[in-house]
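Work through the exercises below with the sequence and the coordinates side by side. Try each task before reading its solution.

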Amino acid sequence: MTNYMLGVDIGTTSTKAVLFSQHGKVIQQENIGYPLYTPDISTAEQNPEEIFQAVLQAITNIMKDHSDKPLLFVSFSSAMHSVIAMDENDQPLTPVITWADNRSEAWAHKIKTDWNGHEIYKRTGTPIHPMSPLSKITWLVHEHPEIARKTKKYIGIKEYIFKKFFDQYVVDYSLASCMGMMNLHTLDWDEEALAVAGIAKAQLSTLVPTTQLFLNCNDLLAKQIGIDPQTPFVIGASDGVLSNLGVNAIREGEIAVTIGTSGAIRTIIDRPKTDVKGRIFCYALTENHWVIGGPVNNGGMVLRWIRDEFASSEIETAKRLGIDPYEVLTKIAERVRPGADGLLFHPYLSGERAPLWNPDVRGSFFGLTMSHKKEHMIRAALEGVIYNLYTVYLALLECMESPVTRIQATGGFSRSEIWRQMMADIFESEVVVPESYESSCLGACILGLYATGKIDSFDVVADMVGDTYKHTPIEEAAKEYRQLLPIFIRLSRVLADDYTSIAQYQRSLIKPD
């Protein structure tokens, strides 16, 4: 008899639910979107109830069509770094403050410079940055004491959903390790981090392994979504670490690179490790699998900006001909040789996380001459996004104990042949695109198989995930990039003070309401 498994990924813009056969074949998927509220430049919030309803709806839609299929478990993936303050009646006092919310910027800076932030990072694995719940809770406690006084628990979105299903406040090691408040070595809350945030241990959820099973789901909810209340729920992990699992980048030396709107580069190691220069994160997958890597703010959004500002007439033509606008962009870029004739683009259009962790960095073209045309600028922008990821990759290499064997590339960019080849040439490594698209949901299900004892290692993922494309480096292109990369890296260091000055000037132009 075939068994089935349900992976649920609670993302920033939507919740996805995917029903897989036990062997990883996709049976059905549902995707329910919800808004991100951004009333000003620093705020990025969501309504927790809208997200909870989307989770219920996604599961209901699938179970309605497949009520006859025996379900082994439901396993969860979730976006990282969210914070909701809950009162003593278990009602939210705040919306979901998402990873993209920057209101705690001044407090992140204070933690970094005045409150021993680097040492806290070395123990907790989360870089000190406004995305981190450590910074967000510190900001709430200091700037919104009227909320802090009433707060019983500070939780993330997955904890909110598990509270509804099982009436418990629990957080898995994986999401806890992205909060900046869990000691990676003791797997307990870090006393100094709590002191900085100004909260007590009792105000955080109970820590549990990512493989923890929950039974006895709330009867009414189980009935509503069409599952047996005794179906095991696997608490699961964060979307980032599960994505590595879901694209089969789990062995030593295998790296996963994702470029969507933003991007990330990650690899799995067998014990927690942080970086003396503070450039990368370290998050848990299980107690014996740790993911190190770095997220970048500037991925596909740079491409969108280039499309809108540099190629509007070409895009109009493409629309009339029914051609994908991004295909047009990459075709234009192909007219120019690798290295864009010495034109470099720093893609920091929205500050940057890894490896600089500096919200003040800004984008620039460097090396412009009269002989450069629009197509050079488009090519330089595409290359700049990959150069930037390469700088995170260099930080990873310093923390890895084995050479890189291959790169698994996913996300929207992996559909573009020129970008895939560019990555192989810049990284000087084989680049493979796996065929699994819902990698976080598949990763959640593989973790679920492990949690329920159906498999004893993650190696089965190799049988579930095939390869769609393979690219090997082209030596002539790699030779150009080898000369340009050091200049790209040196520039962002040299400009550190000027980034701050220009950012302050730009902020002074924003008129208060």
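**Exercise 1. A strand residue**

In which strand is the place of Val8? Determine its burial and its contacts too.

Solution. The model is a predicted one.
- Step 1: Val8 sits in strand β1, residues 4–10.
- Step 2: The relative accessibility of Val8 is 0%. The cut-off for buried is under 20%, so Val8 counts as buried.
- Step 3: Set aside neighbours within four places in sequence. Val8 then contacts Thr15, Lys16, Ala17, Val55, Ile59, Val74, Ser75, Phe76, Ser77 and Cys441.
- Step 4: Take Val55 from that list. Val8 and Val55 are 47 residues apart in sequence, and their C-alpha atoms are 7.7 Å apart in space.

**Exercise 2. The buried face of α3**

Find the buried residues of helix α3 and say what they pack against.

Solution. 
- Step 1: Helix α3 spans residues 117–124, and its buried residues are Gly117, Ile120, Tyr121 and Thr124.
- Step 2: Look down the axis of α3. These buried residues fall within an arc of 105°, so they line one face of the helix.
- Step 3: The packing partners are α2 (105–114), α4 (133–143), β10 (182–183), α8 (191–197) and β17 (281–286).
- Step 4: Check the residue just after α3. Gly125 takes a positive phi of about 85° there.

**Exercise 3. Salt bridges across the sequence**

How many salt bridges does the structure hold? Examine the pairs of Lys152, Asp190 and Asp172.

Solution. 
- Step 1: The structure holds 29 salt bridges.
- Step 2: Lys152 pairs with Asp90, with 3.0 Å between the closest N and O atoms. Lys152 lies in the loop between α5 (145–148) and β8 (153–155), and Asp90 in the loop between β6 (84–86) and β7 (96–97), so the pair ties together parts that are 62 residues apart in sequence.
- Step 3: Lys152 is partly exposed at 32% relative accessibility, and Asp90 is partly exposed at 24%.
- Step 4: Asp90, Lys152, Lys163 and Asp167 are linked by salt bridges.
- Step 5: Asp190 and Arg123 form a salt bridge at 2.7 Å, N to O. Asp190 lies in the loop between β11 (188–189) and α8 and Arg123 in helix α3, so this pair ties together parts 67 residues apart in sequence.
- Step 6: Asp190 is buried, with a relative accessible area of 4%, whereas Arg123 is partly exposed at 23%.
- Step 7: Asp172 and Lys158 meet at 2.8 Å, N to O. Asp172 is in strand β9 (residues 170–172) and Lys158 in helix α6 (residues 157–166), 14 residues apart.
- Step 8: Asp172 counts as buried at 1% relative accessibility. Lys158 is buried too, with a relative accessible area of 3%.

**Exercise 4. A covered helix and a surface patch**

Solution. 
- Step 1: Asn248 follows α10 and has a positive phi, near 65°.
- Step 2: Turn to the patch. Ile502, Tyr505 and Leu509 make it.
- Step 3: Leu509 lies in helix α19, residues 496–509. It is partly exposed, with a relative accessible area of 46%.

**Exercise 5. Backbone and loop details**

Locate the cis peptide bond from Ala354 to Pro355, then inspect Leu187, Asp341 and Ser416.

Solution. 
- Step 1: The Ala354–Pro355 bond is cis, with omega near -5°. Pro355 is in the loop between β19 (344–346) and β20 (364–366).
- Step 2: Leu187 is not a glycine, yet has a positive phi of about 55°. Its loop runs between β10 and β11, and Leu187 is partly exposed at 21%.
- Step 3: Asp341 is not a glycine either, and its positive phi is about 50°. It lies in the loop between α13 (325–333) and β19, partly exposed at 39% relative accessibility.
- Step 4: Ser416 is in the loop between β21 (406–410) and α15 (417–427). Ser416 counts as buried at 14% relative accessibility.
- Step 5: The Ser416 side chain reaches the backbone nitrogen of Trp419 at 3.2 Å.

Key:
Residues numbered from 1 in each chain as written. Predicted model: local features only at pLDDT ≥ 70, side-chain atom pairs only at ≥ 80, totals over all residues. Heavy atoms only, no water. Helix = DSSP H or I, 4+ residues; strand = E, 2+ residues; numbered from the N terminus. Buried < 20%, exposed > 50% of the residue type's maximum accessible area, 1.4 Å probe, protein only. Polar contact = N/O pair within 3.5 Å; in protein donor to acceptor, adjacent residues only side chain to side chain. Arc of directions from axis to C-beta. Contact = heavy atoms within 4.5 Å. Patch = residues over 30% accessible without salt bridge, like charges linked within 9 Å, V, L, I, M, F, W, Y side chains within 5 Å. Areas by Shrake-Rupley, 256 points an atom, 1.4 Å probe, with all protein chains shown as cover. Salt bridge = Lys/Arg side-chain N within 4 Å of Asp/Glu carboxyl O.
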